[in-house]
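Subject: Structure handover

Hello,

Here is the structure for you to look through. Please open it first, then read my notes below.

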Amino acid sequence: MDQTDCHIGRVRIVLVSHLAGGPVAVLSAVHARLLPPRICKRLAVSGPVSFTPDTTLHLENTVIPAVDRITDALQRPARSFNLSVVNLGVTAVRDLGMQIEGFSLDAAVALAMLSASLRLPIRQDTVVTGHIASPNGDIRPVRSLAEKLKAAESAVEISRFLYPSLDEDSSLARIFHELTLIRA
């Protein structure tokens with residue numbers, strides 16, 4: 001394996017735990033390392049941080065195809081990836097890992113995969129969140145956005161916070177309007 005096959009995409013993220021009586025957000029990072037082309041499985045996960053089976057399935061069936069659409073358009077080959085997430089200090093000192101569920105890492109995982117595939121680093125002063133809602137790459141908002149933003153703002157090394165439009169399809173406004181009418 002030559003040096004170019006070892007490229008790792010790294011994207012800063014905010015993880016939110018709902019276990020401590022309310023949401024608690026902390027900075028971390030997701031890494032995507034290119035696997036050799038002969039590897040058949042498209043996604044592997046390593047390290048003490050894992051993904052729930054539903055989240056892994058979503059990454060395989062939605063996020064990777066969205067990444068493939070971009071690399072195909074750039075005439076780059078589809079690749080396989082090893083994902084890892086930096087374990088939080090609080091879990092590491094207790095010799096624990098974490099299990100991640102949900103969609104809020106989708107955009108960061110996609111960018112890390114693209115960074116590795118295209119050998120283009122992502123600025124490390126930037127935090128990314130967002131749900132890849134289809135294999136076409138449609139992106140949607142995620143929960144706990146306020147907590148994530150607050151964690152990013154409090155970190156001196158972070159100067160950018162990238163997130164999708166909060167109501168691009170007007171579904172939030174429509175649903176809340178309907179709920180208001182139902183409650184009235």
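Which residue forms a salt bridge with Arg-12? Glu-157 does, and the closest N and O atoms of the two are 3.4 Å apart. A salt bridge here is a side-chain nitrogen of Lys or Arg within 4 Å of a carboxyl oxygen of Asp or Glu. The pair links distant parts of the chain, 145 residues apart. Glu-157 sits in the loop between H4 and E10, and Arg-12 in strand E1.

Some ground rules. This is a predicted model: local features need pLDDT of at least 70, side-chain atom pairs count only at pLDDT 80 or more, and totals for chains, interfaces and linings use all residues. Residues are numbered from 1 along each chain as its sequence is written, and side-chain values use heavy atoms, with hydrogens and water left out. Helices (H or I, at least four residues) and strands (E, at least two) are DSSP runs, numbered from the N terminus. Buried means under 20% relative accessible area, exposed over 50%, and partly exposed in between (1.4 Å probe, protein chains only).

Back to the salt bridges. The whole structure has 3 of them. In the pair above, Glu-157 is partly exposed at 41% relative accessible area. Arg-12 counts as buried, at 12%.

Arg-42 pairs with Asp-68 in another salt bridge, with the closest N and O atoms 2.8 Å apart. Arg-42 lies in the loop between E2 and E3, while Asp-68 belongs to helix H1 (residues 53-73). Arg-42 is partly exposed, at 26%. Asp-68 is buried, at 13%.

Arg-123 and Asp-125 also form a salt bridge (2.6 Å, N to O). Arg-123 is partly exposed at 44%, and Asp-125 is buried at 17%.

Now helix H4, residues 145-154. Which of its residues are buried? They are Leu-145, Lys-148, Ala-151 and Ala-152. Seen down the axis of H4, they fall within an arc of 125° (taken from the directions from the helix axis to the C-beta atoms), so they line one face of the helix. On the other side, Ala-146, Lys-150, Glu-153 and Ser-154 are exposed. The buried residues of H4 pack against strands E1, E2, E7 and E10.

Last, Lys-41. This residue is in the loop between strands E2 and E3, and it is exposed at 54%. Beyond its neighbours within four places in sequence, Lys-41 is in contact (heavy atoms within 4.5 Å) with Glu-60 and Ser-80. The C-alpha atoms of Lys-41 and Ser-80 are separated by 6.7 Å.

Best wishes
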